[in-house]
Amino acid sequence: ILAEVTVAPLPAPLGRGATVALVDRSVAEEGEMMRRDFVANVSHELKTPLTAMIGFIETLRGPARDDTRARDRFLDIMEREAGRMNRLISDLLSLSRVQAEERRRPSGEVDLPGLLNSVLATLAPRAEAAGVVVRTEGLGQPVRLPGDADQLTQVFQNLVENALKYGGSGGSLRVALARVPHEPVLRGPGWAVTIEDRGEGIEEQHLPRLTERFYRVDPHRSREQGGTGLGLAIVKHILNRHRGRLRIESRRGEGSRFTVILPERLTRG
Ligand code: ADP
């Protein structure tokens, strides 16, 4: 524990003695360390594609100047790296927006099955390209919840995208909506959305850290899939704002199940 201790003499009318103030600095210090780590991570994530691009530009100016095949290949790689930077910046902006709004109670109402169906429709071409069969359950019932439609869309989009990215090609994906009559952590009834894949799964020791910014089980694999390492951190902050929960269950080699639990009503506290 880092503490700041200040000792001051008592004001004259109170007689002899001193006041001792103990201020716990550990929280502030930890926040500062996390901020520094975050800036270092962002710099590294942006520098990696930039360094690659600068290298290719130099090669195109020099040794590969007249090699049209190499030029096309290098331009493809540069386009991919620029796309990576673009995605990272979009995710950083999303993260900072959702963090800024985290304490503000969402004022809208969402049609949860409608929202899930539209996320699945948007991602259907990607599922088809990966040969993934999507099964849905409970999406026909009418469910309206308090929430921010854009933010909740982002939650389910990130989770379904992950299931497609890490769920392996030719697999299956299950998206189910069910009522939870009593959820102790929500202190009342809620709705659970389960997104389950039959992919590579995650070893247990990683599970508690998955929602940390830039935490990836396999950084190389994540980058190859176009990941930024920020998707689940964004999900966590949006769910905090909605007083919701994310439950992650997974077994290496068998698949993963991400369950979002949202309260039926947003109570204070
Ligand atoms: P990324 O952009 O790397 O996908 P996320 O924050 O969305 O970042 O996820 C963090 C990490 O969690 C991923 O890099 C991956 O290792 C792991 N992960 C997320 N979803 C799944 C899943 N459905 N199956 C296996 N691993 C997953």
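Mentor: Contact here means heavy atoms within 4.5 Å. The model is a predicted one, in which local features need pLDDT of at least 70 and side-chain atom pairs count only at pLDDT 80 or more, while totals for chains, interfaces and linings use all residues. Residues are numbered from 1 along each chain as its sequence is written, and side-chain values use heavy atoms, with hydrogens and water left out.

Trainee: Leaving aside neighbours within four places in sequence, which residues is Phe 156 in contact with?

Mentor: Phe 156 is in contact with Leu 112, Leu 115, Leu 116, Val 119, Val 193, Ile 195, Val 260 and Leu 262.

Trainee: How many residues does the largest nonpolar core have?

Mentor: In soluble globular proteins, nonpolar side chains tend to be buried together. A nonpolar core is a set of buried Ala, Val, Leu, Ile, Met, Phe, Trp, Tyr and Cys residues joined through side-chain atoms within 4.5 Å, where buried means under 20% relative accessible area, exposed over 50% and partly exposed in between, with a 1.4 Å probe and protein chains only. The largest such core has 47 residues, and Leu 112, Val 155, Phe 156 and Ile 195 have the most contacts inside it. Apart from it lies another core of nine residues, among them Phe 56 and Phe 74.

Trainee: Is Thr 211 buried or exposed?

Mentor: Thr 211 counts as buried because its relative accessibility is 16%. Not counting residues up to four places away in sequence, Thr 211 touches Leu 232, Ala 233, Lys 236 and Leu 246.

Trainee: What is the strand order in the open sheet of five strands?

Mentor: Strands (E, at least two residues) are DSSP runs, numbered from the N terminus, and two of them pair if DSSP finds at least two bridges between them. The order is S4-S6-S7-S9-S8, with mixed pairing.

Key
Helix = DSSP H or I, 4+ residues; strand = E, 2+ residues; numbered from the N terminus.
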